[in-house]
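The following note was prepared for a colleague who wishes to read the structure alongside a written commentary. Please consult the sequence and the coordinates while going through the points.

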Amino acid sequence: QVELVESGGGFVQDGESLTVSCVASGVIYSIGAMGWYRQVPGKQRELVGTITGGHSADYADAVKGRFTISRDNAKNTVYLQMNSLKPEDTAVYYCYVESVITPRERLRDVWGQGTLVTVSS
């Protein structure tokens, strides 16, 4: 069984920075693309960005230039560094894994439980 556990969410002021991380736990042979989504209550979950196993990252226009996604393949961990945060970045941030191979199975579309980021104006 694979579980994604996010950490690092919190409360910050407009313009400040915050980094959230996500660890994939369990016995894992390999992980495909990883990424981050976010969701505001009452709205659809939206893509923040993704990163391949080869560390190639893409971002949504709303965060491009401010957010950076990185990953440590040895630690099965993905990070989201958020700079110049704005109140409109306030959301629950969800970690996402496109596919993961374990000794028993190949899992697709694995989600974390989410971590709340609040940006105050």
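The numbered points below go from the overall fold to strand pairing, salt bridges, and individual residues.

1. The structure is a predicted model. Its secondary structure consists of 12 strands and zero helices. Read along the sequence, the pattern is accordingly β-β-β-β-β-β-β-β-β-β-β-β.

2. Dimensions and surface. For a chain of 121 residues, a compact globule would have a radius of gyration near 14 Å, and the chain agrees with this because its own value is 14 Å. Along the principal axes, the C-alpha atoms fill a box of roughly 45 × 25 × 20 Å. The accessible surface of the chain is about 6,400 Å², and carbon and sulfur atoms contribute 47% of this area.

3. Burial and contact range. Of the 121 residues, 40% are buried. Where contacts between residues at least 6 apart in sequence are considered, 55% of them join residues at least 24 apart.

4. The hairpin of strands 5 and 6. Strand 5 (residues 34-39) and strand 6 (residues 46-51) run antiparallel and are joined by five bridges. Trp36 has Gly49 of strand 6 as its bridge partner. Six residues lie between the two strands of this hairpin, and Gly42 in the turn has a positive phi of about 90°.

5. Salt bridges of Arg38. The model contains four salt bridges. In one of them Arg38 is paired with Glu46, with 2.6 Å between the closest N and O atoms. Is Arg38 buried or exposed? Arg38 has a relative accessible area of 6% and is therefore buried, whereas Glu46, at 38% relative accessibility, counts as partly exposed. The side chain of Arg38 also meets that of Asp89 in a salt bridge, at 2.9 Å from N to O. This second pair links distant parts of the chain, since Arg38 belongs to strand 5 and Asp89 to the loop between strand 9 (77-82) and strand 10, 51 residues apart.

6. A salt bridge connects Asp89 with Arg66, the closest N and O atoms being 2.7 Å apart. Because Asp89 lies in the loop between strand 9 and strand 10 and Arg66 in the loop between strand 7 and strand 8 (67-72), this pair ties together parts that are 23 residues apart in sequence. Arg66 counts as buried at 11% relative accessibility. Through shared partners, the salt bridges join Arg38, Glu46, Arg66 and Asp89 into one network.

7. Surroundings of Leu18. Leu18 is located in strand 3 and is buried, its relative accessible area being 16%. What is the C-alpha to C-alpha distance between Leu18 and Gln81? The two residues are 6.1 Å apart in space, although 63 residues apart in sequence. With neighbours within four places in sequence left aside, Leu18 is in contact with Gly8, Gly9, Gly10, Val12, Leu80, Gln81, Met82, Leu85 and Val117.

8. A nonpolar surface patch. Which residues make the nonpolar surface patch of about 310 Å²? The patch is made by Val27, Tyr29 and Ile101. Tyr29 is situated in the loop between strand 3 (18-25) and strand 4 (30-31). With 59% relative accessibility, Tyr29 counts as exposed because the threshold for that class is over 50%.

9. Thr102 and its contacts. Thr102 lies in the loop between strand 10 (91-101) and strand 11 (106-111). Its relative accessible area is 7%, so Thr102 is buried. Apart from neighbours within four places in sequence, Thr102 is in contact with Val2, Val27 and Tyr29.

Technical notes:
Residues numbered from 1 in each chain as written. Predicted model: local features only at pLDDT ≥ 70, side-chain atom pairs only at ≥ 80, totals over all residues. Heavy atoms only, no water. Pairing = 2+ DSSP bridges. Helix = DSSP H or I, 4+ residues; strand = E, 2+ residues; numbered from the N terminus. Patch = residues over 30% accessible without salt bridge, like charges linked within 9 Å, V, L, I, M, F, W, Y side chains within 5 Å. Areas by Shrake-Rupley, 256 points an atom, 1.4 Å probe, with all protein chains shown as cover. Buried < 20%, exposed > 50% of the residue type's maximum accessible area, 1.4 Å probe, protein only. Contact = heavy atoms within 4.5 Å. Rg over C-alpha atoms; globule rule 2.2 N^0.38 Å.
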